[in-house]
Amino acid sequence: MQIDFASSRQSTLGVEWEVALVNSQTGELVSAANEVLSGIKAKHPDLQEDEDHPHIKRELLLNTVELVTGVCETVKEAKADLQRSLDAVRDVTDPLGIELFCAGSHPFSPPQLQPVTDKERYAKLIDRTQWWGRQMVIYGVHVHVGLDNRNKALPVLDGLINYFPHFQALSASSPFWGGEDTGYASQRALMFQQLPTAGLPFQFRTWEEYESYVDDMFKTGVIDVLSEIRWDIRPVPALGTIEMRICDGLSTLEEVGAIAALTQCLVHEFSTILDNGGSIPTMPPWHVQENKWRAARYGMDAIIILDADSNECLVTEHLMETLNRLEPIAAKLGCSEELSDVEKIIARGSGYQRQRRVAAEHGGDLSAVVLDLVRQMRRGPEA
């Protein structure tokens with residue numbers, strides 16, 4: 001089967017931010033997405049006017065709304081777009097006593113009690129995946145970056161896979177599940193990969209190999225639409241982008257901007273290498289799988305595998321080297337400030353580290369963890 005790849009301007013940007021609705025007093029999840037979206041449509045119709053690409057939309061669960069940017073040139077533009085949507089949501093949720101929260105998972109609300117959005121594709125997903133599907137009380141941040149040539153899509157995917165543990169460690173924010181500390185920095189990373197076609201992507205040498213894989217998925221009934229391939233990193237032919245879906249939910253717009261800047265800079269670097277006739281190194285699948293597990297388990301303390309020769313390094317050390325290397329690219333793309341915010345995450349700790357600190361300070365009270373994340377989303381992170 002032939003899969004056309006839309007034309008995009010190189011390194012343009014789009015961001016998706018999944019946000020949970022919680023009770024402002026208890027931190028419990030609130031399944032009020034329908035009411036919230038109806039209110040937004042009445043008060044801010046401009047954000048809902050495009051039914052195919054609304055800026056604020058439903059997700060799998062009724063406790064979730066997703067904020068989606070338009071096509072942006074810079075990270076600053078993407079952050080401003082998200083802030084506008086966030087303000088519109090608050091315009092509806094504040095009078096209802098509903099607060100906004102984002103992390104990789106909710107620390108204590110029971111997954112089995114969360115109603116699913118009434119859509120045929122979601123009902124089909126739950127019917128097929130059963131218990132695992134009903135556990136998906138998880139939240140993420142996705143970053144799309146435009147590619148000006150279809151032939152760049154799979155090599156750029158390979159390049160981003162090399163930085164899988166960096167994104168996972170920076171964003172890891174799901175240590176708690178069902179009221180318990182799982183011992184992992186990102187429980188979400190391992191939970192989400194239980195869905196069919198989710199998890200690490202396959203790596204293909206040519207676009208034709210990818211097309212053959214997709215054709216097999218359709219013929220065998222694994223998918224009905226291309227978007228049901230839910231890899232952690234995937235090409236999105238309809239948009240002409242590569243989509244980075246590794247990250248746990250991030251609690252502040254500053255952190256979302258930092259991750260978007262790191263993604264945009266890396267993709268631009270890979271694109272330039274390909275334009276200059278170079279190639280992007282890959283690692284064996286077993287290294288890639290091990291890196292994902294290490295980052296999910298140990299977060300910022302992960303010792304990661306850097307290359308096919310099995311050289312290793314602490315993820316934060318390699319992140320600092322990477323940030324220094326990317327500084328000229330960030331200046332060119334106009335995201336120097338946002339890229340430097342990655343260092344702030346390293347300095348103050350990822351979400352899972354901050355959550356555990358708050359839990360310890362409050363005698364293990366996970367409601368305090370949620371309400372602290374609510375405060376962060378409203379006011380920004382503490383220094």
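## Inside the largest cavity

Let's start with a gap in the protein: helix H12 contributes the most to the lining of the largest cavity, giving three residues. Here a helix is a DSSP run of H or I with at least four residues, a strand is a run of E with at least two, and both are numbered from the N terminus. A cavity is a set of points, on a 1 Å grid over the protein atoms alone, where a 1.4 Å probe fits but cannot get out, and lining residues have an atom within 4 Å of a point.

This is a predicted model, where local features need pLDDT of at least 70 and side-chain atom pairs count only at pLDDT 80 or more, while totals for chains, interfaces and linings use all residues. Residues are numbered from 1 along each chain as its sequence is written, and side-chain values use heavy atoms, with hydrogens and water left out.

The largest cavity has a volume of about 70 Å³. Of the 14 residues lining it, Ser173, Gly249, Glu255, Gly351 and Arg354 are the closest to its centre. Helix H5 (164-171) and helix H12 (351-361) are the elements that give two or more residues to this lining. By class, the lining of the largest cavity holds five nonpolar, seven polar and two charged residues. Nonpolar covers Ala, Val, Leu, Ile, Met, Phe, Trp, Tyr, Cys and Pro; charged covers Asp, Glu, Lys and Arg; the others, Gly among them, are polar.

## The other cavity

How many cavities of 30 Å³ or more does the count come to? It comes to two. A volume is the space filled by probe spheres set on the grid points, which are joined across faces, edges and corners.

The second largest cavity has a volume of about 30 Å³. Its lining is made up of Phe164, Gln168, Arg188, Ala189, Phe192, Asp232, Ile246 and Lys292. H5 and helix H6 (187-192) each give two or more residues to this lining, and H6 gives the most, with three. Four of the lining residues of the second largest cavity are nonpolar, one is polar and three are charged.

## An open pocket

Now for something open: the second largest pocket, with a volume of about 210 Å³. A pocket is an open set of points with protein on both sides within 12 Å along at least five of seven lines. This one is lined by 14 residues, and Asn162, Tyr163, Ile280, Pro281 and Leu306 lie nearest its centre. H8 and helix H10 (315-333) each supply at least two lining residues, with H8 giving the most, at three.

## The nonpolar cores

A nonpolar core is a set of buried Ala, Val, Leu, Ile, Met, Phe, Trp, Tyr and Cys residues joined through side-chain atoms within 4.5 Å. Buried means under 20% relative accessible area, exposed means over 50%, and partly exposed is in between (1.4 Å probe, protein chains only).

The largest core has 91 residues, and Trp17, Phe167 and Leu262 have the most contacts inside it. Helix H8 (residues 253-275) gives the most to this core, with eleven residues. Leucine 262 touches Phe167, Leu170, Leu319, Leu323, Leu326, Leu339 and Val342, leaving aside residues up to four places away in sequence; a contact means heavy atoms within 4.5 Å. There is also a second, separate core of 29 residues, including Leu29 and Leu373.
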